[in-house]
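Open the model in your viewer and keep the sequence panel beside it. This tour tells you what to select at each stop and what is there.

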Amino acid sequence: MSARSAALRSLFIRHVVRAGAVLVVVSWLVFAATALAPGDAFGEARLERTLSPEAIAALRHAEGLDRPLLVRYAQWLRSAAHGDLGRSIAYRAPIAPLVAQRAVNSLLLVAAALIVTWTIVLPLGVWTAARDRSTDGRIVAAGATALIAVPDLLIAIVLVLVAARSGVLPTGGLRAAGGADAAGFAAIADRIRHSFLPVLALTLIAAPPLVRHVRASLLDALASPYVLAAAARGIPYRRRLWRSALRAAANPLVSLFGLSFAALFSASMMVEVVMSWPGLGPLLLDAVRTRDEQVILAGVVLATALLLVGNSCADLLLRSIDPRISA
Amino acid sequence: MTSGLGPAIGVAAAYLAVLSAPVVAPYDPTAQHREHPLAPPTGIHVVDREGRVHLRPFVLANGADGAARAYPVRFFTRASGDVEAPSSVRLFAVDPPAAIFLFGTDTLGRDQFSRLLYGGRISLGAGLLAAACALTIGVLCGCVAGFFGGWVDTAIMGASDIFMALPWLYLLLAIRAALPLTVDPGRALLAIVLVIGIAGWARPARLVRGVASSVRSRDFVAAATAAGASPARVLRSHVAPEAFSVALTQASILIPQYTLAEITLSFFGIGIGEPTPSWGTMIGAMLRQELSVAHWWLAAPAAALVGVSLLYHATADALHRRALTMGVTR
């Protein structure tokens with residue numbers, strides 16, 4: 001037991017070190033790429049034509065854009081380690097609180113979608129596997145396959161159009177206008193109403209491939225020799241399905257859980273933009289449009305960090321529940 | 001369906017249609033017919049008001065005197081009023097003042113059918129080129145990593161780990177940020193192809209690496225090496241053929257994915273800009289059009305996208321199954 005927990009702890013440390021290295025490399029790449037790209041926030045199109053070149057140079061100097069690349073990166077790295085992610089040129093505000101608020105919104109959406117998706121996927125996957133020989137199970141499995149082929153962007157757009165036509169659900173935003181004043185139950189109901197559409201879109205995007213995977217790994221487990229042996233010993237089908245097969249299939253399912261987090265996180269960016277959910281996605285898109293380099297950098301690094309944390313959690317969970325994998 | 005030939009032919013037909021856009025499209029994709037904004041699809045008739053059947057289909061339009069007249073559809077003809085390309089032959093056209101809009105027009109009176117074909121060139125072409133780009137980088141890196149092993153393997157796979165750890169759309173935006181915002185369509189297309197290709201090399205590299213490192217341990221490779229074959233020769237004649245089958249299946253998965261990536265970027269307004277048509281900008285216009293159910297023909301690019309995507313998925317499924325059965329029989 002103690003040897004195992006020590007192994008898990010060393011694995012945890014390895015994960016942290018690796019994540020740190022990935023973050024440094026990613027931040028350097030994005031930093032260098034955006035800095036070396038032609039044009040910056042003070043490009044001629046963004047500002048008054050009447051400004052003299054000297055004035056623009058002064059602005060650049062004030063924002064520190066005229067210093068050497070490595071010096072700027074070292075400074076960014078040092079202040080980022082202290083939680084200061086610099087200032088947004090477009091918002092004229094410190095980035096850390098701005099990005100933090102957006103990241104919370106994104107995470108809320110992804111977490112809700114993750115819960116809803118798996119609440120649907122697990123029973124549906126088991127059901128389609130159990131009903132593999134019958135028509136209804138096959139129809140649902142074929143439906144999932146067909147949904148995989150529908151482009152994510154179109155799923156989001158169609159939902160927005162349907163909501164706009166029916167007028168039942170809000171098509172965008174986090175809360176109703178003036179919703180901040182509402183309190184208690186009304187505020188929660190408003191939040192749920194506003195997050196219904198994006199969560200539904202993310203579920204429709206993420207669930208179909210997962211249903212297929214769950215079904216496939218369950219069918220594999222059901223066909224394995226020890227389940228056949230259990231059947232030969234007269235253990236009833238239900239027990240074989242839920243006790244033997246599902247437990248054996250749990251391992252790939254936990255890996256899938258980590259992968260589904262990554263997929264949802266990426267898809268959520270597009271859904272956020274289409275449904276104007278104030279998460280990291282629209283912030284980053286606007287930053288690309290306005291060449292707000294520091295915001296791009298902070299957004300990408302934060303998104304990567306969140307994804308790394310999610311993946312590490314899935315990996316640690318997998319290794320702590322499955323004794324067959326050495327930690 | 002089981003052979004995968006049908007879907008593959010469908011995919012090929014889609015590419016053929018967009019490639020022959022200058023002939024098949026009746027109008028220039030940027031030509032604005034300001035007198036026909038948001039026109040519904042033009043009705044093509046074969047039976048006239050007196051009940052006579054015409055061999056040549058015709059469309060109805062109001063002539064100069066205001067009375068409705070029939071204008072025959074002419075095939076393999078030169079559209080009069082073709083300013084941009086006076087010498088080009090069109091598959092079908094009608095004489096002005098009549099107009100033939102198979103899928104209607106957009107808010108600026110531009111022919112949706114022509115824009116769909118020309119936009120398909122951009123969107124489908126970008127997906128194809130980006131997949132070629134990602135596969136080239138991926139297969140090269142994967143072969144080298146899997147075949148040589150050691151620190152080269154560690155370095156390449158470490159890099160691919162980083163790329164795979166990034167959220168795909170965020171990565172796409174980050175690389176896009178490194179490119180100038182407004183460029184001409186040709187360079188924008190090139191930039192997008194490179195962006196997607198660079199963002200997507202890691203997955204094929206990882207798969208090819210697995211194949212290459214398993215080939216390396218086979219006896220016939222050891223025999224070839226013992227017989228004095230250079231590493232380059234072993235890579236070319238033993239590793240590459242094995243990697244090809246993986247790359248083919250990957251291509252059928254990556255091309256629709258990257259087509260969608262271009263469409264998403266253009267939809268976000270950071271891909272190919274107006275007036276050059278792309279399915280992404282067309283879908284964006286569809287969403288902006290408040291009454292999009294009334295103007296249902298604006299959904300043509302979305303329908304085309306779903307069609308191509310379904311065909312690609314069927315092809316990928318067939319290729320995957322073929323790879324599985326081949327693996328079993330070998």
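A residue is called buried here if 20 or more other C-beta atoms lie within 10 Å of its own, exposed if 12 or fewer, and partly exposed in between, with C-beta atoms placed from the backbone. Helices (H or I, at least four residues) and strands (E, at least two) are DSSP runs, numbered from the N terminus.

This is a predicted model, in which local features need pLDDT of at least 70, side-chain atom pairs count only at pLDDT 80 or more, and totals for chains, interfaces and linings use all residues. Residues are numbered from 1 along each chain as its sequence is written, and chains are lettered from A and ligands numbered from 1 in the order in which they are written.

**Stop 1: helix α7 of chain B**

Select residues 202-216 of chain B, which form helix α7. Its buried residues are A202(B), R203(B), P204(B), A205(B), R206(B), V208(B), R209(B), V211(B), A212(B) and V215(B). The expected span of a helix is 1.5 Å times one less than its number of residues. For the 15 residues of α7(B) that gives 21 Å, and the end C-alpha atoms are 21 Å apart, which agrees.

**Stop 2**

Of its 330 residues, 43% are buried. Two residues are in contact if their C-beta atoms, placed from the backbone, lie within 7 Å. Among contacts in chain B between residues at least 6 apart in sequence, 69% join residues at least 24 apart.

**Stop 3: α1 and α3 of chain B**

Select residues 5-19 and 112-148 of chain B, which are helices α1 and α3. Their axes come within 8 Å and cross at roughly 120°. Axes are lines fitted to C-alpha atoms, for helices over the stretch in contact, and angles run from 0 to 180 degrees between N-to-C directions. Angles under 35 degrees count as roughly parallel, over 145 as roughly antiparallel, 65 to 115 as roughly perpendicular and the rest as oblique. The angle therefore makes α1(B) oblique to α3(B).

Which residues in α1(B) and α3(B) meet? A14(B), Y15(B), A17(B) and V18(B) in α1(B) meet L117(B), G120(B), R121(B) and L124(B) in α3(B). These residues divide into 6 nonpolar, 1 polar and 1 charged. Ala, Val, Leu, Ile, Met, Phe, Trp, Tyr, Cys and Pro count as nonpolar, Asp, Glu, Lys and Arg as charged, and the others, Gly among them, as polar.

**Stop 4**

Select T105(B), in the loop between β5 (90-93) and α3 of chain B. T105(B) counts as buried because it has 27 C-beta neighbours inside 10 Å. Leaving aside its neighbours within four places in sequence, T105(B) is in contact with residues including H33(B), H36(B), P37(B) and R110(B).

Next select F244(B), in helix α9 (residues 231-268) of chain B. With 13 C-beta neighbours inside 10 Å, F244(B) is partly exposed. The C-alpha atoms of F244(B) and V139(B) are separated by 8.6 Å, though the two are 105 residues apart along the chain.

**Stop 5: chain A**

Switch to chain A, which has 11 helices and 2 strands. Along the sequence the pattern is α-α-α-β-β-α-α-α-α-α-α-α-α. Of its 327 residues, 32% count as buried.

Select S276(A), in the loop between α9 and α10 of chain A. Is S276(A) buried or partly exposed? S276(A) counts as partly exposed because it has 16 C-beta neighbours inside 10 Å. The phi of S276(A) is near 40°, a positive value in a residue other than glycine. Most residues other than glycine have a negative phi.

**Stop 6: where the chains meet**

Show both chains. How many residues of chain A are in contact with chain B? The contact involves 35 residues of chain A and 31 residues of chain B. The largest share of the chain A side, 7 residues, comes from α11(A). By class, that side has 28 nonpolar, 5 polar and 2 charged residues.

Finish with α11(A) and helix α5 (residues 168-177) of chain B, whose axes come within 10 Å and cross at roughly 155°. The two helices are therefore roughly antiparallel to each other. I296(A), V300(A) and A303(A) in α11(A) meet Y170(B), A174(B) and A177(B) in α5(B). This contact has 6 nonpolar, no polar and no charged residues.
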